[in-house]
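Please go through the terms used for this model one by one. For each, set the value against the cut-off and conclude.

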Amino acid sequence: MAKRKIYLGPIDSGLNGPLIVEGLAVDAFTAGELLVQTASGLATSSIAATVFNSECLVASEISESEGGTIATAHTIGDTAEAIAVRSGEFVNVAVAASQNITSKGTALSSNGDGTLKIAVTDGTEQVLFYSDEIVNTGGAVALVTVRKA
């Protein structure tokens, strides 16, 4: 089944929805990519897995009511929204090509290009998310359901 949303929840009595960060798109990116805040706005994250960083932003989709879909790219100068993902929340995030996630709970870290990769779990890489599905991304980047570490 095709994915249509980035933020999946939970929405419960303690949380009323995702924590949103808004800014101008500094470069082109698509929903589900990892982002960073810069002085100019939101940009694709180039942070390596070995650089420990507390912020975890994921590009939100452009809603259908705004003429977009989950596949519509944000272009330079667009006002874009990112989700500041909190511990325990579920989102769909871009995972790099050629990643074979063989079990739920697989640790994922930044690939340095706005996508995630299977993490090295010896303490040298920051685990950002844990997979919530089993998937082989094959030859292309794919959205994968994950839980924030």
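Q: What makes the approach of the Thr106 side chain to the backbone oxygen of Ser103 a polar contact?
A: The separation is 2.6 Å. A polar contact is a pair of N or O atoms within 3.5 Å; within protein, one must be able to donate a hydrogen and the other to accept it, and residues adjacent in sequence count only if both atoms are side-chain atoms. The pair therefore falls within the cut-off. This is a predicted model, in which local features need pLDDT of at least 70, side-chain atom pairs count only at pLDDT 80 or more, and totals for chains, interfaces and linings use all residues. Side-chain values use heavy atoms, without hydrogens or water, and residues are numbered from 1 along each chain as its sequence is written.

Q: Why is Thr106 called buried?
A: Its relative accessibility is 14%, and buried means under 20% relative accessible area, with over 50% exposed and the range in between partly exposed (1.4 Å probe, protein chains only). Thr106 therefore counts as buried.

Q: Which residues is Thr106 in contact with, leaving aside its neighbours within four places in sequence?
A: They are Ile101, Ile118, Phe129, Tyr130 and Ser131, where contact means heavy atoms within 4.5 Å.

Q: What makes a set of residues a nonpolar core?
A: Its members are buried Ala, Val, Leu, Ile, Met, Phe, Trp, Tyr and Cys residues joined through side-chain atoms within 4.5 Å. The largest one has 19 residues, of which Val91, Val93, Leu116 and Phe129 touch the most other members. Another core, of 10 residues, lies apart from it and includes Phe29 and Ala59.
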